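Trainee: Could you show me how to read aromatic pairs in a model?

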Amino acid sequence: MGAGKWIGGILGFMTMGPLGALAGFALGSLLDGNNGLFGNTYEKGQAEAGNYDEGQRNSFLFSMLVMASYIIRADGRIMHSEMEYVRQFGYRGAIAVIPNPANLPGYLNEIAAKKPSFLGCSRLRKFGFLGRLHPRKKVENLLYGVALLPHLQDYELVIMGKGDEIYEQFLRSETKRLGLEDCVKFCGFINGRDKYEQLAQLSCLFVPSDFENFGMIVTEALSVGTPVMASLGTPWEELNTIGCGWWIDRTPENIAQVMRQVMEMSIPELLTMGERGQQLVQKKYTAPMIAMQMQQLYEWLLGERSKPDFVYD
């Protein structure tokens, strides 16, 4: 079997994630000639057509899997709205659900090791948002949630990110209107090591978006031991099942309830919750684990193994 498909798949994965891996694999297969997925002559394709199950391991399935890998990037939970979007194209076959890989920096363990000191050095519980400031992110719900809490001196809300200037001004105006200037801090755009250090200093990260196809910030926060509250518009039900955060409706009342729970938790309890999140990322979302799933998908497409459990009919 030629190596071109594997080289193409690896290079595509490194540059564009799952979608790039599938495209690279297809190109590499063409270059491999007789051993490629599609073959190199019409006669060869005709001769080998009977070796593939109709609608399963043929080029049409492959092309639809490429589209599905772009549209459906979840954590193993099929988003029905996205699935329906794929079905609207007339496709009724299998769809692979493969997460985005968490490309974690080498200094991450060093930062994560500081988590106990970050939590213990301040009497404040620090809540945070990190992302593009846009109306669909519903950051104002965090402000409304904070406004429902008593004892404003016991916590801090840190809003990290830039984006829509009008929306940011709206958030600043709401902060002033609600009398939250002393406990809400706007930090602007951050990235690199500073981003992970800021995430590690949080008691909880909040993702109250209308919709997130995946939400890389969730894996980034979990990777440094920070629990996460994510809205039902994200595919992060695992926050509940694993016990490393909250996957709930993003109403101000629910946000305030989560904040109260975090304030009532001891530092050891928060650290234990954070450790479960770190274990989840290492077990399921690192690049090597995603690469393994991609290899299993390729092998199934080639008829060399049974259907993986992340491929849905």
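The dialogue below turns to the aromatic rings of this structure.

Mentor: This is a predicted model, in which local features need pLDDT of at least 70 and side-chain atom pairs count only at pLDDT 80 or more, whereas totals for chains, interfaces and linings use all residues. Residues are numbered from 1 along each chain as its sequence is written, and side-chain values use heavy atoms, with hydrogens and water left out.

Trainee: How many aromatic pairs does a search of the whole structure find?

Mentor: A pair of aromatic rings is described by the distance of the centres and the angle of the planes. Rings of Phe, Tyr and Trp (its six-membered ring) pair if their centres lie within 6.5 Å, and planes under 30 degrees apart count as stacked, over 60 as edge-to-face and the rest as tilted. The search finds 7 such pairs, among them Y107 with Y196, which is edge-to-face at 6.3 Å centre to centre and 75 degrees between the planes.

Trainee: Which parts does the pair of Y107 and Y196 tie together?

Mentor: Y107 lies in the loop between β1 (95-96) and α5 (108-112) and Y196 in helix α9 (residues 192-200), so the pair ties together parts 89 residues apart in sequence. Helices (H or I, at least four residues) and strands (E, at least two) are DSSP runs, numbered from the N terminus.

Trainee: Is the pair of F127 and Y155 stacked or tilted?

Mentor: The ring centres of F127 and Y155 are 6.2 Å apart and the planes are at 40 degrees, so this pair is tilted. F127 in strand β2 (residues 125-130) and Y155 in strand β3 (residues 155-160) are 28 residues apart, and F127, Y155 and F206 form one aromatic cluster.
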